[in-house]
Amino acid sequence: MAEKVADLSKLDTEVKVKKTRASKPKVKTGCQTCKIRRVKCDETKPSCLRCVRFGHQCDGYSNKSPSKLGLSSKSSRTLVPKSPTQSPLSPATSHLNAFSPISSCATTKLYPSPPRNLFQTQHESEAFQTFCTRTSYQLSSAFSSDLWTRLMVQACETDPSIRHAVIAIGALNLTTPLPGPDSSVGTLKHNFAFRQYSKALCLLRRDVAGGMCDLRTTLIACLLFYCFESFHGYHELAISQVYSGLKLIREWTTSYYKPDDSGRRRTRIGSEDPYTVEEDILRAFSNLEIQVMTYADGRSREAHEHYRHIGQETIDDMPPIFGSLQESRVVLELVIRRSMHWLRSTMRLQNFSTPSGSPNGSPTWGEASDSHPFSLFFDVDPTFEERLETMKEYERWDDAFRPLLNLSRSRSAPEEDFLLASTLRLHWLSGYLSIASNNSYSSLVNNGRFTTELEELVGISRILLGRGEEVGNGGFVFDMQIIVPLMTVGWIYRHRALRSEAIELLLRSPRKEGVWDGIVVGKIMAWLARIEEEGLDDEASEDEDYVPEWAAARCIKMSFDTERREASVSCLQPVRGSPNGEEVRREAIIPW
């Protein structure tokens, strides 16, 4: 690590020896605020960076032109802004359709040019251009494009830690789910990316320690660090970034909460102060919280019990019909997040902490006793009445969303609306079916109650995956898309034919959605299908769509070794024909 950060001494952030100021003629072209404060102005327009950095309101510049320039009003002309492709801080619009799921807006957004050379080397400039023209669209979705294509880019102008983190991600090739040959460990690109990442970490620590880092900058840095760590497979570090950001957000929003008549603190969905932290940033963390809860969660049962009540007033005020896809998406994320907190609060086995003996310190599931059934992340007590209330929230959302879904499937509907509505429907199916499964075994004996919904889930996944392949939108993506929904088919319900289709989709197109790797999930699911179906008679298989209870594996445990690039999987499986319910342990090492 010392080698990676050795060059930090060359940063312009070093403490310089104070020198005697040279006598130079005064410059009268600074902004009005800096003139009043009698400080040097960097003359950035429309607002100087000194005022922006220290939180002052920049009063602009005098309209008078210096006489020594020898320019009259007749010789002056209106300055026309350069096209976005000419600005180092602007995404190239020519790449918009190739990497964004939605078409460009009618109004072109103008991004200000950098006031000075922000890059120390040509490599930094090229990596930054790659992020603006390619990576930002790779990471964004139809609902979060503004976060990556505008907010991240603008933050680079004023904050060096954000700029170096963006350069680090831009130096990677996110079109593949893992570092490619040109950016693998030891290559020049890989070393360059890690040096930039180390600079970003050191600069952020310096600013936080000095009290110069605001909440918005810290949250943006957490999102960028999450992408960098999860892309390289360091999932525990990536998840820690998410929980750090969530903690800061909840501490910030607590000051806005006011108890109602019953004594409960009433909250709202969205930013309490959009001028401090934009809605897009908070929604990104809300999405990530759902994603990491499906992966591993070490928070206490009491914490989940508290968090599952957040947003109750929004649920109570849910409209009978949603007015837009954006509105329906915000409410659906709330419903899914509340249901995930409920699932976590009712789990019998909830030890998801990182065991000391696990390879590479990666999370291991199911560390509790093998004497109880254990599903990957949905082993709950079916006697809770809250389960029925949670399902009612899903059903209310489905009723309010149905008109928009039907409209998006009409021939006259734009393709973008169809894809967005299909994505929301896919996530609703995944969440609803997970809640409806009750526990590890109920889904295996439901007499095909949800077969139609499972078929629809796989069908939508196939459509979205095919569309992504057409536009080249694969590799690493930020949002949760099809991997977790397909796990509902393979891990929870285990419909034999549909599970085979899910495995085929996961292995067909390598992709990584945050901490979830489609290839790894597909290979583990294929191993599980092989051991569960190896004892089934070919004739009986025609009548048994689902894996029978006597063949179903339980107590599924997984651990990942990022360095060796392999997963260790084990489970318990009943011995066929055993009168005493004897079980045998099955284990495998699965490389990826």
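Visitor: At what angle do helix 5 and helix 8 pack, and how far apart are their axes?

Guide: Helix 5 (residues 145-158) packs against helix 8 (residues 215-231) at an angle of about 120 degrees, and their axes are 11 Å apart. The axes are lines fitted to C-alpha atoms, for helices over the stretch in contact, and angles run from 0 to 180 degrees between N-to-C directions. This is a predicted model, in which local features need pLDDT of at least 70 and side-chain atom pairs count only at pLDDT 80 or more, while totals for chains, interfaces and linings use all residues. Residues are numbered from 1 along each chain as its sequence is written, and side-chain values use heavy atoms, without hydrogens or water.

Visitor: Why are helix 5 and helix 8 called oblique to each other?

Guide: Angles under 35 degrees count as roughly parallel, over 145 as roughly antiparallel, 65 to 115 as roughly perpendicular and the rest as oblique. The angle here is about 120 degrees; helix 5 and helix 8 are therefore oblique.

Visitor: Which residues make the contact between helix 5 and helix 8?

Guide: Helix 5 contributes Leu147, Trp148, Leu151, Met152 and Ala155, and helix 8 contributes Arg216, Ile220, Leu223, Leu224 and Cys227; contact means heavy atoms within 4.5 Å. Nine of these residues are nonpolar, none is polar and one is charged.

Visitor: How do you know that the length of helix 15 agrees with its number of residues?

Guide: The expected span is 1.5 Å times one less than the number of residues. The 22 residues of helix 15 (residues 415-436) should therefore span 32 Å, and the end C-alpha atoms are 31 Å apart, which agrees.

Visitor: Why does Arg494 count as buried?

Guide: Arg494 has 3% relative accessibility, so Arg494 counts as buried. This residue lies in the loop between helix 17 (483-493) and helix 18 (496-508). Val547 is 53 residues from Arg494 in sequence, yet the two are 6.1 Å apart in space, C-alpha to C-alpha.

Visitor: Is Val292 buried or exposed, and why?

Guide: The relative accessible area of Val292 is 0%, so Val292 is buried. Val292 belongs to helix 10 (residues 279-293). Leaving aside neighbours within four places in sequence, Val292 is in contact with Ile239, Val242 and Tyr243. The C-alpha atoms of Val292 and Ala238, 54 residues apart along the chain, are separated by 9.4 Å.

Conventions: Helices (H or I, at least four residues) and strands (E, at least two) are DSSP runs, numbered from the N terminus. Ala, Val, Leu, Ile, Met, Phe, Trp, Tyr, Cys and Pro count as nonpolar, Asp, Glu, Lys and Arg as charged, and the others, Gly among them, as polar. Buried means under 20% relative accessible area, exposed over 50%, partly exposed in between (1.4 Å probe, protein chains only).
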